[in-house]
Amino acid sequence: MRLRRARAALFDMDGTLLDTEPLSTLAINRVIEPFGHTCDPALKAKLLGKPKDVWSHLVIDELSLHGKLGAEELAEQWEANLCSMSAEELPGVDRLTAHLHAHRVPMAVCTGSSKVLVAAKKERHPLLMSRFSVVVTPECVKRGKPAPDMYLSAAEQVGVPPEECVVFEDAMSGVQSARAAGCVVVAIPAPDAKQEIVEAFKAAADVVLRSMEDFDPSWCGLPSY
């Protein structure tokens with residue numbers, strides 16, 4: 001396989017580097033279960049990749065929780081719950097990031113997680129996070145994903161044009177963000193993603209993989225393993 005040549009690698013965090021999505025769902029459920037609801041797969045799919053100030057309102061609307069729970073309260077309790085949880089690195093993440101770091105390939109993280117959550121993840125994954133010279137959070141840009149701002153900012157900070165950056169994403173909003181920025185896009189949807197979602201990724205990304213383990217850096221001119 002051949003992709004457009006890249007000189008830098010940019011990564012989404014949640015669901016791409018770290019297996020946080022199940023924990024995120026659990027953190028939401030701890031807030032909404034007292035009101036008789038859970039975050040089922042259909043609802044979760046609508047939230048994936050959206051910043052908390054967007055998905056929290058969506059949850060309130062979808063579950064008709066107006067007057068019972070505020071979107072801001074939901075987001076705050078969710079974040080507090082998530083900060084107390086520890087996620088595992090996803091397969092292939094350590095190998096790829098260690099390899100690129102050893103070859104001095106510039107790397108950045110572009111995440112919908114707040115600075116508070118990023119700090120908690122840095123504490124639990126110090127070696128992994130030390131490999132990234134730049135971390136872009138929602139506080140750093142005017143518009144979150146699917147707008148291109150995060151990836152444009154990261155590319156500028158690592159000193160590589162966006163069209164020479166390869167992006168790894170698990171959510172459609174992130175794929176759209178990276179595509180709008182002009183990057184090479186590698187999509188890695190969740191293992192349980194429905195076929196229609198996988199097909200949508202295939203139409204939007206340059207390549208769709210089952211796992212980061214399947215990525216070969218030489219596809220886009222990066223040092224091979």
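## The largest pocket

By class, the residues lining the largest pocket are 17 nonpolar, five polar and eight charged. (Nonpolar covers Ala, Val, Leu, Ile, Met, Phe, Trp, Tyr, Cys and Pro; charged covers Asp, Glu, Lys and Arg; the others, Gly among them, count as polar.) This is a predicted model, where local features need pLDDT of at least 70 and side-chain atom pairs count only at pLDDT 80 or more, while totals for chains, interfaces and linings use all residues. Residues are numbered from 1 along each chain as its sequence is written, and side-chain values use heavy atoms, with hydrogens and water left out.

So what is a pocket here? On a 1 Å grid over the protein atoms alone, a pocket is an open set of points with protein on both sides within 12 Å along at least five of seven lines, a cavity is a set where a 1.4 Å probe fits but cannot get out, and lining residues have an atom within 4 Å of a point. The largest pocket has about 910 Å³ of space. Its lining has 30 residues, and the closest to its centre are L48, P189, A190, D192 and A193. A volume is the space filled by probe spheres set on the grid points, which are joined across faces, edges and corners.

(Helices are DSSP runs of H or I with at least four residues, numbered from the N terminus.)

## The largest cavity

About 320 Å³ of space lies in the largest one. Among its 24 lining residues, D14, E21, G49, K50 and W55 are the closest to the centre.

Which helix supplies the largest share of this lining? That's α1, with three residues. Sorted by class, the lining has eight nonpolar, seven polar and nine charged residues.

## The second largest cavity

The second largest cavity holds about 90 Å³ of space. Its lining includes L18, T20, L82, M85 and H125. Helix α6 (residues 115-124) brings the largest share, four residues. The class tally is seven nonpolar, three polar and two charged.

## A look at S153

S153 sits in helix α8 (residues 149-158). Is S153 buried or exposed? S153 is buried, with a relative accessible area of 16%. (Buried means under 20% relative accessible area, exposed over 50%, and partly exposed in between, using a 1.4 Å probe and protein chains only.)

Leaving aside neighbours within four places in sequence, S153 is in contact (heavy atoms within 4.5 Å) with V136 and V141.

Terms used
Helices (H or I, at least four residues) and strands (E, at least two) are DSSP runs, numbered from the N terminus.
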